[in-house]
Amino acid sequence: PTPPCLPGAVDVSFDSDGIQTTDFFGSSDSANDVAVQSDGKSVVVGSATSAASDFDLAVARYNVDGSLDTTFDADGKFSIGRTGADFAQSVAIQPDGKIVIAGSAAGSVEFTRAILVVRLNPDGTLDTTFDGDGMVISELSANGRAVKLQTDGKIVVAGEWGQGNEGKIIVVRYNANGSLDTTFDADGFVLTDIPNTVYARAYDMLIQPDGKIVAAGSTQNPQLVFALARYNTDGSLDTSFDPDGTVIADIASGNDQGESVHLQADGKIVMTGFGSNGSSGDITVTRYNTDGSLDPLFDGDGK
């Protein structure tokens with residue numbers, strides 16, 4: 001008989017052993033994000049090494065039982081093989097079932113990067129209503145790390161902009177048709193320095209119920225520290241947030257890198273990542289009040 005399903009036990013109803021592995025081209029593949037559809041199917045995005053030893057954007061969709069969903073691009077797998085390295089970093093599902101993927105692509109100029117946004121129909125085909133071919137490549141010397149959907153259908157991508165030794169948080173907003181939203185900071189994107197630090201970058205993002213956007217990641221001061229930036233709906237920094245729109249938190253004795261951010265029901269912001277203490281690394285968590293201050297109710301000092 002099947003043993004009872006204990007909390008934390010491997011779910012053997014998923015691909016018979018709780019584990020599913022998927023190969024694309026017979027070489028190295030990696031997953032970076034997952035989203036679960038309203039029907040319980042899982043969409044996983046990342047990259048796959050092609051026969052040309054290049055990285056391709058890769059997407060797989062699984063049924064609830066862990067099998068590849070053959071209604072998705074015929075075999076459950078989709079990839080884009082452009083010249084140069086393409087990576088999928090984040091995925092979101094629209095209410096109509098269309099799949100929005102954000103990542104990075106090789107820029108048209110050698111050694112530059114571009115933000116890549118792809119939208120797929122529910123059957124895994126490219127959505128040609130999105131910029132004509134289902135793909136938008138924004139040549140902004142930047143990598144897309146996180147994608148979220150606004151309630152009005154606009155698409156927001158956060159990541160890192162970099163040139164030489166300079167780096168900034170970048171947030172880009174697109175209209176539902178894939179065009180840059182020029183109501184957002186006049187040109188569709190905003191670059192943010194964190195005061196008194198260098199090379200800021202965002203790895204995750206959230207959209208508050210009031211439409212404000214919170215980008216989360218890290219910056220150097222001089223070591224890596226947690227960094228947050230909050231934006232108004234028009235792309236301007238929210239000066240009600242600590243009070244220039246940005247906040248940093250130094251947690252461990254070494255480097256701290258923020259990887260994920262979530263919003264509590266009471267509006268407090270929780271950020272997680274890792275911190276280095278000499279030769280070891282620790283899980284790190286911070287909690288912020290709605291004004292960007294560390295919440296002393298969380299372990300006494302907010303971290």
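Of the 303 residues of the chain, 49% count as buried, where buried means under 20% relative accessible area, exposed over 50% and partly exposed in between (1.4 Å probe, protein chains only). This is a predicted model, in which local features need pLDDT of at least 70 and side-chain atom pairs count only at pLDDT 80 or more, while totals for chains, interfaces and linings use all residues. Residues are numbered from 1 along each chain as its sequence is written, and side-chain values use heavy atoms, with hydrogens and water left out.

**The whole chain**

Begin with the entire chain displayed as a cartoon. The chain has 0 helices and 19 strands; helices (H or I, at least four residues) and strands (E, at least two) are DSSP runs, numbered from the N terminus. The radius of gyration is 20 Å, close to the 19 Å that the globule rule gives for 303 residues, so the chain is as compact as a globular protein of that length. That radius is taken over C-alpha atoms, and the globule rule is 2.2 Å times the number of residues to the power 0.38. Along the principal axes, the C-alpha atoms fill a box of roughly 55 × 50 × 40 Å. Among contacts with a separation of 6 or more, 42% are between residues 24 or more positions apart; contact means heavy atoms within 4.5 Å.

Next, select residues 256-263 and 269-277, which are strands S17 and S18. These strands pair in the antiparallel sense over 7 bridges; two strands pair if DSSP finds at least two bridges between them. Within this pairing, Gly 258 has Gly 273 in S18 as its bridge partner. S17 and S18 form a hairpin with 5 residues between them, and Gly 267 in the turn has a positive phi of about 90°.

Asn 277 has Ser 280 in S19 as its bridge partner. The hairpin of S18 and S19 has 2 residues between the strands, and Gly 278 in its turn has a positive phi of about 70°.

**Loops with particular backbone geometry**

Select Asp 185, in the loop between strand S11 (166-174) and strand S12 (189-192). Its phi is positive, about 55°, although Asp 185 is not a glycine. Asp 185 is partly exposed, with a relative accessible area of 35%. Ala 186 is found in the loop between S11 and S12 as well, and its phi is near 75°, again a positive value in a residue other than glycine. Ala 186 is exposed, at 64% relative accessible area.

Move to Pro 222, in the loop between strand S14 (213-220) and strand S15 (224-231). A cis peptide bond joins Asn 221 and Pro 222, with omega about -15°.

**Rings and charges**

Finally, show side chains. The structure holds 2 aromatic pairs; rings of Phe, Tyr and Trp (its six-membered ring) pair if their centres lie within 6.5 Å, and planes under 30 degrees apart count as stacked, over 60 as edge-to-face and the rest as tilted. One of the pairs is Phe 55 with Phe 87, tilted, at 5.1 Å centre to centre and 35° between the planes. This pair links distant parts of the chain, since Phe 55 lies in strand S3 and Phe 87 in strand S5, 32 residues apart.

Select Lys 77 and Phe 24: the charged end of Lys 77 sits over the ring of Phe 24, 5.4 Å from its centre. A charge sits over a ring if NZ of Lys or CZ of Arg is within 6 Å of the ring centre and within 35 degrees of the ring normal. The charged end of Lys 168 likewise sits over the ring of Trp 161, 5.5 Å from its centre.
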